[in-house]
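User: I want to learn how to read salt bridges, strand pairing and nonpolar cores in a model. Please take me through them one at a time.

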Amino acid sequence: MVYQNLLDNSNISVKSQLGGMQVIEYVKDISVTPASSKTEYYCAKMNVNKRQVMLTLNGNGYTVQSGAMQWMSSNIQMSSGVKGVGGFLGGMVKGAVTGESAVKPIYSGYGTMMLEPTYRHIILSDLSTWGGSVVLDDGLFLACDNTVQQKVTARSNLSSAVLGREGLFNLSLNGAGVFALESIVPMEELIEINLQNDVMKIDGNMAVAWSGSLEFTVEKSGKSLLGSAVSGEGLVNVYRGTGKIWMAPVIGKYAGSAGETNSSQNASSGDTGSVAARNDAASKIETVSKVLDFFN
């Protein structure tokens with residue numbers, strides 16, 4: 001099958017490619033009206049462009065976020081990936097605790113498949129660069145090879161979930177294959193930290209993904225909770241062991257729409273996901289101290 005005015009379109013560029021995945025980006029949005037033209041003009045200048053993932057299937061398959069398929073051609077079949085009622089209920093539980101869709105369909109066969117456009121940044125990666133296991137922040141998963149195993153990873157202790165505001169569970173990808181993430185931060189702004197039996201402390205919800213081999217906890221930034229509160233840092237997310245982390249230092253997970261439009265201001269003022277926890281830490285020293293003592 002031959003496609004015209006797709007990859008040969010001067011308004012479309014291939015941003016990245018890994019395995020059978022290609023990320024295409026529209027240079028500018030030309031489907032505009034007089035009312036929207038001004039906004040679209042500045043969007044194009046500020047890298048606010050529509051992006052899509054194109055999947056090429058040659059007898060292989062991909063697991064895709066529910067509802068993400070836009071079109072597909074040739075001989076591609078879709079299966080739910082759910083094995084019976086137990087599998088469906090298990091998917092519902094996983095979806096509820098990780099923020100992902102309960103059922104992720106699997107597409108396999110031969111042909112081409114395009115996913116829905118998004119203004120978010122699409123990042124491709126290979127599990128081999130993560131030691132075969134990566135843990136994702138909530139809501140980032142878009143697609144992966146169907147050879148990749150998906151699991152729900154629990155925090156190492158309950159205090160890390162309650163105090164770190166990260167949730168108790170995350171989706172982890174394991175095995176071999178490539179995957180695609182939807183991120184509000186482009187790859188150019190992500191810092192990659194490689195740990196060798198070391199410790200990384202992050203003040204806020206800035207970790208986009210981290211190796212499954214790392215232990216995650218929430219700890220006091222100083223030796224005492226009082227000292228941590230007085231310093232203004234409070235509690236920090238701690239990643240310990242050997243592996244790597246992708247960190248987005250310019251925007252916090254819980255910044256919301258205001259943070260997405262004014263991320264530099266939020267970053268410079270320290271308004272990341274942990275700001276609320278830091279601001280009220282001094283008034284809750286006794287309570288938090290008891291929680292830490294109980295769970296650690």
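Analyst: Start with one side chain. Asp-29 is partly exposed, at 22% relative accessibility. Buried means under 20% relative accessible area, exposed over 50%, and partly exposed in between (1.4 Å probe, protein chains only). This is a predicted model: local features need pLDDT of at least 70, side-chain atom pairs count only at pLDDT 80 or more, and totals for chains, interfaces and linings use all residues. Residues are numbered from 1 along each chain as its sequence is written, and side-chain values use heavy atoms, with hydrogens and water left out.

User: Which residue does Asp-29 meet in a salt bridge?

Analyst: General idea first. Side chains of opposite charge can pair when their charged atoms come close. The criterion for a salt bridge is a side-chain nitrogen of Lys or Arg within 4 Å of a carboxyl oxygen of Asp or Glu. Here the partner of Asp-29 is Lys-50, at 3.5 Å from N to O. Asp-29 sits in the loop between β2 and α1 (37-45), Lys-50 in the loop between α1 and β3, so the pair ties together parts 21 residues apart in sequence. Helices (H or I, at least four residues) and strands (E, at least two) are DSSP runs, numbered from the N terminus. Lys-50 is partly exposed too, at 31% relative accessibility.

User: How many salt bridges does a search of the whole structure find?

Analyst: Four. One of them joins Arg-51 and Glu-25, at 2.7 Å from N to O. Arg-51 belongs to strand β3 (residues 51-64) and Glu-25 to strand β2 (residues 21-26), 26 residues apart.

User: Are Arg-51 and Glu-25 buried or exposed?

Analyst: Arg-51 counts as buried because its relative accessibility is 3%. Glu-25 is buried as well, at 7%. Compare the bridge between Lys-244 and Glu-192, where the closest N and O atoms are 3.7 Å apart. Lys-244 is in strand β16 (residues 235-247) and Glu-192 in strand β13 (residues 191-202), so this pair ties together parts 52 residues apart in sequence. Lys-244 is buried at 7%, whereas Glu-192 is partly exposed at 40%.

User: Now strands. Which strands pair with β2?

Analyst: Count bridges. Two strands pair if DSSP finds at least two bridges between them. Strand β1 (residues 12-18) and β2 are antiparallel, over six bridges. Leu-18 stands opposite Met-21 in β2. The β1-β2 hairpin has two residues between its strands, and Gly-19 there takes a positive phi near 60 degrees. β2 also runs antiparallel to β3, with five bridges. Five of the six residues in β2 are buried.

User: Which residues touch the most other members of the largest nonpolar core?

Analyst: In soluble globular proteins, nonpolar side chains tend to be buried together. A nonpolar core is a set of buried Ala, Val, Leu, Ile, Met, Phe, Trp, Tyr and Cys residues joined through side-chain atoms within 4.5 Å. The largest has 20 residues; Val-134, Leu-136, Leu-173, Phe-179, Leu-190 and Trp-246 touch the most other members. β8 (133-136), β9 (141-145), β11 (169-174), β12 (178-183) and β14 (207-211) each give two or more residues to this core. Another core lies apart from it, with 18 residues, among them Met-21, Ala-68, Val-178 and Ala-180.
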